[in-house]
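Hi everyone, thanks for coming along. I'd like to walk you through one structure today, so please have a look at it with me.

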Amino acid sequence: AFDLLVYFKTENVENIEIEPIIQEELYLACQYSKKHPLPLEINFSDLSMYPLMFPQVSTNVDKKVSEIAYRNKVDVRVQKDTVAIRLLIKLVKEGVANSVVPWTMIYDSVKANEVMAAKIVNPPVIRTLNLISPTNRHQTHATQVVMQLIRETATRQNEEGEWRGNLLLKS
């Protein structure tokens, strides 16, 4: 039993209310290089030029990339079951790995010129983050307050460019 989840996958779950928060745009993340900068956007097919690592615990990004690659007949090189997400970002900074991640994961590293990022387009790699609450349980005041804080934080971070994507919250 749960009072509130913030999660991407909502298929095949009963007795829940789903409130979409944001449709996240995902980015190719590589080590920073002045000599070989990434473009602001990269076509999905060009991911085939980068060996990719994903976190050991699935964030569903690896599955999303694999699905799009299969549908578009793109051969992406993915190393499975690699490392924890924080270690993965460290490996990207050191030039040992490349990955596909949400902007929130690399925002600070891009700002500090430790990581380069290119938004993936044609087709884009996106995922929708949702607020999920049970419909078969009473929603406590505390849960409602936390949900409102999540909405406000998501809106602020989106407006400030720290969380890129299409904000889906109702006004």
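Let me start with a term: when I say two residues touch or are in contact, I mean that they have heavy atoms within 4.5 Å. A word on where this comes from: it is a predicted model, where local features need pLDDT of at least 70 and side-chain atom pairs count only at pLDDT 80 or more, while totals for chains, interfaces and linings use all residues. Residues are numbered from 1 along each chain as its sequence is written, and side-chain values use heavy atoms, with hydrogens and water left out.

Now, which residues does L28 touch, leaving aside those up to four places away in sequence? The list is L38, I42, L47, Y50, L52, N98, S99, M116, A117, A118 and I120.

L28 also belongs to the largest nonpolar core, which has 21 residues. By nonpolar core I mean a set of buried Ala, Val, Leu, Ile, Met, Phe, Trp, Tyr and Cys residues joined through side-chain atoms within 4.5 Å. Buried is under 20% relative accessible area, exposed is over 50%, and partly exposed is in between, using a 1.4 Å probe and protein chains only. Together with F44, V65 and V100, L28 touches the most other members of that core. At least two residues come from each of β2, β4 (52-55), α1 (61-71) and β7, and α1 gives the most, with 4 residues. Those labels are DSSP runs, numbered from the N terminus: helices are H or I with at least four residues, strands are E with at least two.

There is a second, separate core too, with 15 residues, including V83, I89, V92 and I106.

On to charged pairs. How many salt bridges does the structure hold? There are 7, each being a side-chain nitrogen of Lys or Arg within 4 Å of a carboxyl oxygen of Asp or Glu.

Take E19 and R151, whose closest N and O atoms are 2.8 Å apart. E19 sits in strand β2 (residues 16-31) and R151 in helix α4 (residues 141-159), so this pair ties together parts 132 residues apart in sequence. E19 is buried, at 9% relative accessible area.

K119 lies in strand β7 (residues 115-121), so here the linked parts are 94 residues apart in sequence. K119 is partly exposed, at 22%, and E25, E41 and K119 form a network of salt bridges.

Finally, K90 pairs with E94 at 4.0 Å. K90 is partly exposed at 46%, and E94 is partly exposed at 44%.
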